[in-house]
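Visitor: I have a model on screen and would like to learn how to read it. Where do we begin?

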Amino acid sequence: MENNSVIIIGAGFAGLSAGIYARMNGYSTQIFEMHDSPGGLCTAWKRKGYTIDGCIHWLAGSSPGSGMHRYWEEVGIAQGCEFINMDEYMRYESADGRTLILYTNVDKLEKHLLEFSPQDAIPIRDFIRGIRMCLNFDQPSESDPPLKRLQKRLKFGLILATKGREMRKWMNISGTEFFMRFKDPVLREALREMWVPEFSMFVMLFAFAYLHNRDAGYPIGGSLPMSLALARRYTSLGGVIHYDKQVKKILVEKDKAVGVRLEDGSEHRSGQVISAADGYATIFKMLEGKYADEKTREPYEKWQVFQPLLYVGLGVNRSFENEPRTVSGMSFPLRQPTEIGYAMRDRMPIHIYNQDSTLAPAGKTSLVVMMPSSYEYWKELAQNPEAYKEKKEQVAHTVVELLNQRFPGISQQVEMVDVATPLTFERYTGNWKGSFEGWLLTPQNSFTMMKRMSQTLPGLQNFYMCGQWVEPGGGLPTSVMSGRRLVKTLCKQDGKKFRTTVA
Ligand SMILES: Cc1cc2nc3c(=O)[nH]c(=O)nc-3n(C[C@H](O)[C@H](O)[C@H](O)COP(=O)(O)OP(=O)(O)OC[C@H]3O[C@@H](n4cnc5c(N)ncnc54)[C@H](O)[C@@H]3O)c2cc1C
């Protein structure tokens, strides 16, 4: 490298991770972050004494025994963090009075599904077999002692050799296609609602394997403490973060990135530039599309993104102690289809954060209603700020009234309602179309699980990308690993041995 300095755009998990590993390896780094706090999408906000958590449901690698855990130790999240594992992923109450529970334990899940719908024994057993196949899939970690790493590599190779065909089968089928195999319409619909149906089934199997292994825990305190821990780790290693500094342009000279220009017009130069910000803004705005060949453009033209959210946080003066603790909440049928936001809905999802008393005053509870929404709808509505505000108020009112159907009396106990739209996500994190996790990992792009997306752009030197826009499927572990992978590449280019430490 001509110059040891690195500028990183964005202090989300990927940017902070890149910063942390770059500091561990002797690079001089500064991060420019447009928001006033770290974490990007992994955040939370306070309203009237309640914390609305904007992100974490589960963190893969939470178990000290898993290969991924060392990464959380390196970036300073595992230390002092209490993870809890829940027995239920989600509950679905049907209009015909049945309750489907997606248990996190695979044996319990199998038993329950078979009891729920005996006629679907064949696809249920297929699904469960798929999860069991993923249970022993602990990836080799660089932190493992050499012998353990070798053992894991051999085991991994063996799994690939013996199960390769089956894995490909699951990668090539979406949830939508697989769920069609179930005859019971309630089971079919429940699975569609409880999971991202466009996802490759392989992702679902993996997720349930992590849950079964109690390696996808929820961190008490939620998202923001994790982001603050990450930022602390970065600054304790000597890294610098400039908050409230939006990058407008990546400076390029003779096809080499040489620095950035901020919104305030100031210019900052460095040997390398890493964008850990939104992919679309990076490629098509900060770099004006000059380094976007056909392959680079393809995802932005053809791939699907995680649908943006209408995200309603509620503070309720009720303990919900008798309700089950779940990873992703529950959903119940409405008495009649009702318009919420732009869409008619006949069901309502609700996530009760009764597993985390730190998010609400004593005896009270923080709740979230999270619904897929339309970016275009809210964007158009926001042309008229009054109409946008009015609609948000209407959503708040409707949600509270509808919750009364399932939890009578709740409307009298609601002390706070906060509505975030896809535009809120866009405003605070810059993510394209308000998407909350980047690219969906579908059968169409599941090859990226084996062959990764590029972290560079054709024809542009000294420039790199990391984070959810170059890692289909997104998520916090992926973003951290993306920053790590990138710094490893930098070290290799510079002929350095890549080093990591644990705080
Ligand atoms: C509701 C919800 C639930 C989720 N649940 C989970 C979960 O349970 N488990 C899990 O692993 N993941 C979950 N995720 C996904 C996870 O939060 C994201 O995939 C991850 O945080 C992405 O990190 P990132 O660093 O790649 O991107 P981001 O978090 O988007 O970070 C990008 C950063 O760049 C900054 N930025 C953008 N443009 C500029 C600019 N021009 N100049 C300066 N700074 C800029 C942004 O402000 C931001 O801080 C969830 C997300 C949401 C919203």
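**Reading the surface and the backbone**

Guide: With a charged patch. Asp293, Glu294, Glu298 and Glu301 form a negative surface patch. Keep in mind that this model is predicted.

Visitor: Where is glutamate 301 placed?

Guide: Glutamate 301 lies in helix α11, residues 294-302. Its relative accessibility is 59%, so it counts as exposed.

Visitor: How do I read the side chains along a helix?

Guide: An α-helix has 3.6 residues a turn, so residues three or four places apart point the same way. Now take helix α9, residues 223-236. Its buried residues include Ser223, Met226, Ser227, Leu230 and Tyr234.

Visitor: What span does α9 reach from its first C-alpha to its last?

Guide: The 14 residues of α9 reach 20 Å, close to the 20 Å expected at 1.5 Å a residue. Glycine 238 follows α9, with a positive phi near 100°.

Visitor: How many residues of α16 are buried?

Guide: In α16, 13 of the 18 residues are buried, so the helix is largely enclosed by the rest of the structure.

Visitor: What about phi in residues other than glycine?

Guide: Most residues other than glycine have a negative phi. Lysine 48 is not a glycine, yet has a positive phi of about 50°. Lysine 48 sits in the loop between β3 and β4. At 68% relative accessible area, lysine 48 is exposed, because exposed means over 50%.

Visitor: Where is glutamate 288 found?

Guide: In the loop between α10 and α11. Glutamate 288 has a positive phi near 55°. With 44% relative accessible area, glutamate 288 is partly exposed.

Definitions and conventions:
Residues are numbered from 1 along each chain as its sequence is written. This is a predicted model: local features need pLDDT of at least 70, side-chain atom pairs count only at pLDDT 80 or more; totals for chains, interfaces and linings use all residues. Side-chain values use heavy atoms; hydrogens and water are left out. Patches are made of residues with over 30% relative accessible area and no salt bridge: like charges are joined within 9 Å, nonpolar side chains (Val, Leu, Ile, Met, Phe, Trp, Tyr) within 5 Å. Accessible areas come from the Shrake-Rupley method with a 1.4 Å probe; for residues, only the protein chains shown count as cover. A salt bridge is a side-chain nitrogen of Lys or Arg within 4 Å of a carboxyl oxygen of Asp or Glu. Lys and Arg count as positive and Asp and Glu as negative; His and the chain ends are not counted. The place of a charge is taken as NZ of Lys, CZ of Arg, CG of Asp or CD of Glu. Helices (H or I, at least four residues) and strands (E, at least two) are DSSP runs, numbered from the N terminus. Buried means under 20% relative accessible area, exposed over 50%, partly exposed in between (1.4 Å probe, protein chains only). The expected span of a helix is 1.5 Å times one less than its number of residues.
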